[in-house]
Amino acid sequence: MAKVLLLQGNQACAEGAIAAGVTFFAGYPITPSTEIAEIMAKRLPEVGGKFIQMEDEIAGIGAIVGASLTGKKVLTATSGPGFSLKQEFIGYATIAEVPIVIANVQRVGPSTGQPTAPAQGDMMQARWGTHGDHPVIALTPASVPECFTLTIKAYELSEKYRMPVLLMLDEIIGHMREKIEIPEYDTIEKPVRKGPRVGPSEFKAYEPDSDGVPPMADFGTGYRYHVTGLVHDETGFPNGSPAATEKLLKRLHEKVERDIDNITMYEEYKLDDAEIAIVTYGGTARSAYAAIDMAREEGIKVGMFRLISVWPFPEKEIAQLAQKVKVIVVPELNYGQMVGEVKKAAEGKVPVKPMSKYDSEPISPKELLAFVKNL
Amino acid sequence: MEKLIEKYYRPRLPHIWCPGCGNGIVTSSIIKAIDKLGLDQDKTVIVSGIGCSSRASGYLNFDTVHSLHGRALPVATGIKLADPELNVIVITGDGDGTAIGGNHFIHTARRNINLTVILFNNNIYGMTGGQYSPLTPTDSKATTAPYGTLERAFDIAELAKAAGATYVARGTAFHANMLVDVIAKGISHDGFSLIEAVTQCPIYFGRQNKKGDASAMLKTQRDNAVTVEAAKKLSPEQLEGKFKIGVLHQSEAPEYTKQYQGIIDRAQKGAK
């Protein structure tokens with residue numbers, strides 16, 4: 001039977017992970033994500049899973065990479081400074097194609113910044129934080145129920161494309177309490193990893209199917225393959241030739257790009273007749289709903305395009321939006337990050353106005369309403 | 001040996017190591033230890049970091065991970081805890097394991113998780129061309145210490161013991177048979193095992209420090225190594241400039257993954 005609970009976003013994320021079949025968590029305490037680790041420490045042994053608190057943030061993500069190679073679904077959780085430290089293994093999991101999920105509950109930065117205050121300042125780090133060219137998938141929940149459902153979704157995507165998926169919460173969403181209806185976990189479909197269809201003698205560890213994704217064998221099942229962060233060919237062994245390098249990087253990007261319509265998630269709120277579009281995400285979207293309702297009462301035609309998947313960026317949808325409305329407003333809790341992507345996609349067809357706030361306070365509905373009225 | 005090569009090495013030779021490098025001897029010692037113990041090849045995982053020695057994982061016919069610089073131990077910890085049935089062997093070097101990976105090293109030892117770490121100690125960063133590591137002896141030359149190193153070297157065996165490792169041994173490329181033996185004992189030990197394998201780097205350490213060629217460096221290993229048994233009969237003066245080989249420390253302590261099963265049992269009783 002479904003349960004109705006009052007949960008924090010961080011709790012819903014942890015429960016979503018359990019519901020998705022996660023059996024391994026490794027991490028390091030950091031505000032404002034610590035509750036996720038605390039809950040996993042209690043919940044995982046109850047379901048036969050394992051939790052380990054590692055010596056640092058790097059070890060946390062390193063251990064989940066190892067556990068994933070044995071076929072487990074895995075999670076780590078962090079915030080700003082820890083997210084910086086996790087970048088090298090995000091790159092490793094990308095090139096070695098190891099499915100992992102990282103929850104980053106954003107706080108004010110740079111550096112130690114303001115540990116208990118909300119921000120959305122890691123959006124570009126999510127995109128480009130690890131070095132080199134790479135694809136990325138990042139999701140931004142805007143409610144406690146969505147923390148639950150998007151965490152499950154993160155595993156679906158991570159397993160399907162064999163890559164890291166970033167759950168970009170912010171402190172507002174992570175620490176907000178809301179009503180959530182949670183179904184029985186055995187009614188939830190568990191994302192499945194695509195395994196080898198041939199025996200060990202024919203298996204090439206990094207030979208992709210037509211979807212660009214190679215089937216993945218669990219360690220300990222006789223396939224005896226090699227996993228490396230070096231550029232490699234279909235065999236999985238290092239091959240630094242220009243042809244192998246280009247082929248691998250192209251495939252890593254294309255397995256995501258070709259399926260972007262299946263990855264892209266967004267919500268349209270009162271956008272049908274809107275002349276003003278608010279494009280936002282995460283905790284800031286909560287103020288946008290209220291601001292839009294207030295503006296509508298005053299006869300202002302405003303609506304919202306809420307990004308649910310932020311990376312890969314839904315360029316096509318934003319380009320279409322730019323054809324429909326007279327102005328786009330991008331409120332976010334940073335000095336201006338996703339607004340640049342919106343501008344790029346809008347290609348000058350419509351003015352794109354940033355509404356940046358970086359004083360450690362959320363954007364209030366009234367502030368946003370005033371901004372819209374002053375356009 | 002030919003049969004061992006066929007069974008345990010991938011058909012990827014020749015390797016990348018320089019002529020005279022001791023890494024091949026240490027790697028073959030690991031293989032001989034695995035063979036001696038009859039480990040299930042499908043249930044044995046080799047994890048390495050980055051550096052000359054860490055390239056060994058790619059040559060060996062198991063599930064293998066060539067991870068990140070210094071990070072072999074966290075990856076190995078994840079594998080072992082997620083699937084305790086797997087034998088997990090870690091290959092690392094002096095720079096990889098004790099500099100960038102130093103924090104992981106002491107904490108993995110402290111947990112007493114059943115991993116066997118073979119640390120190839122060639123006293124230098126070879127892959128990047130001869131910079132000093134935490135195991136480079138004081139007053140040595142390195143490309144980043146053209147006037148000699150100021151820093152004191154770790155005694156990695158003592159460090160491992162102090163951090164909580166329950167099996168610590170040292171061998172050398174010269175004493176290859178003994179190396180096989182101490183590695184095999186480490187693999188059989190139920191807990192965190194460290195085997196320091198002293199190996200020669202004639203190109204990047206030897207050349208800068210006038211240590212002679214590979215055979216001269218192997219002879220130095222022979223002349224300076226004293227077995228644990230022999231050392232007991234020698235005075236501190238007689239041991240000056242020597243290093244001990246053999247099993248240096250062994251103790252019993254609860255193993256982490258077995259203890260974790262106890263946590264699961266407790267949590268599941270509580271949940272019911």
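Reader: Picking up at Val47(B): what's its bridge partner in S2(B)?
Author: That's Val65(B). Keep in mind this is a predicted model, where local features need pLDDT of at least 70 and side-chain atom pairs count only at pLDDT 80 or more, while totals for chains, interfaces and linings use all residues. As for labels, residues are numbered from 1 along each chain as its sequence is written, with chains lettered from A and ligands numbered from 1 in the order in which they are written.

Reader: Is S1(B) mostly covered or open?
Author: Mostly covered: five of its five residues, 44–48, are buried. Buried means 20 or more other C-beta atoms within 10 Å of the residue's own; exposed is 12 or fewer, partly exposed is in between, and C-beta atoms are placed from the backbone.

Reader: Which residues sit on which face of S1(B)?
Author: Thr44(B), Ile46(B) and Ser48(B) are on one side, Val45(B) and Val47(B) on the other. In a regular strand the side chains alternate between the two faces of the sheet.

Reader: OK, zooming out. How many helices and strands in chain B?
Author: 12 helices and eight strands. Of its 272 residues, 51% are buried.

Reader: What's the radius of gyration of chain B?
Author: 19 Å, which agrees with the value near 19 Å for a compact globule of 272 residues. The radius is taken over C-alpha atoms, and the globule rule is 2.2 Å times the number of residues to the power 0.38.

Reader: Where does chain B touch chain A, in terms of elements?
Author: 33 residues of chain B are in contact with 36 of chain A. The elements giving two or more residues to that side of chain B are S2, H3 (72–82), H5 (102–111) and H12 (256–271). H3(B) gives the most, with eight residues. Contact means C-beta atoms, placed from the backbone, within 7 Å.

Reader: Over to chain A. What's the strand order in the five-stranded open sheet?
Author: S11-S13-S12-S15-S16, with mixed pairing. S11 (266–269) and S16 (352–356) of chain A are the edge strands, each pairing on one side only. S11(A) runs antiparallel to S13(A), residues 302–307, over four bridges. Within that pair, Tyr269(A) stands opposite Met304(A).

Reader: Which helix packs on that sheet?
Author: H10(A), residues 282–297, touching S11, S12 (276–280), S13 and S15 (327–332) of chain A, with its direction at about 165 degrees to that of S13(A). Axes are lines fitted to C-alpha atoms, for helices over the stretch in contact, and angles run from 0 to 180 degrees between N-to-C directions.

Reader: How far apart are the end C-alpha atoms of H10(A)?
Author: 24 Å, which agrees with the 22 Å that its 16 residues should span at 1.5 Å a residue. The expected span is 1.5 Å times one less than the number of residues.

Reader: Which residues of H10(A) are buried?
Author: Among them are Gly282(A), Ala288(A), Ala291(A), Ile292(A) and Ala295(A). Just after the helix, Gly299(A) has a positive phi of about 85 degrees.

Technical notes:
Pairing = 2+ DSSP bridges. Contact = placed C-beta atoms within 7 Å.
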